Amino acid sequence: TAVQSIDSAVSGSSYSTDISDPSILTANVTDGATEGNYSVLVSDVGAYSTSISSSTWQDPSGAAKTYQLVVGGQTYNVTPTDNSAASVASAINSQEGNLVQATVVNVGSQSTPDYRLSLQSNTLNANPVDLQLNGSSLQKQQVTGRPAQYQVNGSGVTVTSNTDTVTISPGLTVTMLASSSTAVNVTLTRSSTALGSALSNFANAYNAAVDVVAGQRGQSGGA
């Protein structure tokens, strides 16, 4: 409708976003954003802690075991439907997917596969991610995570974040993709053409409605 067109013309989707280096970050605009120039210096994009099975995954015989997922010193019991790597990964993702992401990878060849379980933290910090069975670790630690660090508009204030997506202004979020020694400029502009067209359509719709109402008046109204 004409009213919905006006709403769209002033919403976040009406903005045009120009990013000086899209390989460093991307931007998302929602309602409440303000036209202008923003700069973000991503001094450290951060890293997620990762680990991988220390040897080829072996399916323990018998009934499904209860595994212990250890994240940042906290232990979470995970019970799969069976002891296969795929089942254990699925159980981790469904039961504790807010903490880590589990995948099964083949580090061997097609003729001689070597399946292992890989874990990645969902948070940018140094907490290790481990999988244990009966108190023994099944994993080899790979990457020690670290938080992201960035500055906005040359403030000189370094912000530390445990996520790669941050809000730098009301209605404007950026997702950091890589570190950079120089700031990335983000320019928001709103299309005046879209708003003008929406207002014109609204005026036309209003005038048409007035004509219809006027036609219903008088002796021949509605005939």
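1. Helix H2 covers residues 85-96 of this predicted model. (Helices are DSSP runs of H or I with at least four residues, strands are runs of E with at least two, and both are numbered from the N terminus.) Its 12 residues should span 16 Å at 1.5 Å a residue, and the end C-alpha atoms are 16 Å apart, which agrees. The expected span is 1.5 Å times one less than the number of residues.

2. The buried residues of H2 include Ala 85, Val 88 and Ile 92; buried means under 20% relative accessible area with a 1.4 Å probe, protein chains only. The buried residues pack against E5, E6, E7, E8 and E9, where contact means heavy atoms within 4.5 Å.

3. An open sheet of 4 strands has the order E7-E8-E4-E11, with antiparallel pairing. Two strands pair if DSSP finds at least two bridges between them. E7 and E11 (139-143) are the edge strands, each pairing on one side only. E4 (residues 50-53) is joined to E8 by 3 bridges, and Thr 50 stands opposite Gln 120 in E8.

4. Another open sheet has 5 strands in the order E1-E16-E3-E12-E13, and its pairing is antiparallel. E1 (15-19) and E13 (159-161) each have a single partner strand, so one side of each lacks a neighbour in the sheet. E1 is joined to E16 (residues 184-190) by 5 bridges, and Thr 17 stands opposite Leu 188 in E16.

5. Residues are numbered from 1 along each chain as its sequence is written. The model is predicted: local features need pLDDT of at least 70, side-chain atom pairs count only at pLDDT 80 or more, and totals for chains, interfaces and linings use all residues, while side-chain values use heavy atoms, leaving out hydrogens and water.

Notes. Buried means under 20% relative accessible area, exposed over 50%, partly exposed in between (1.4 Å probe, protein chains only).
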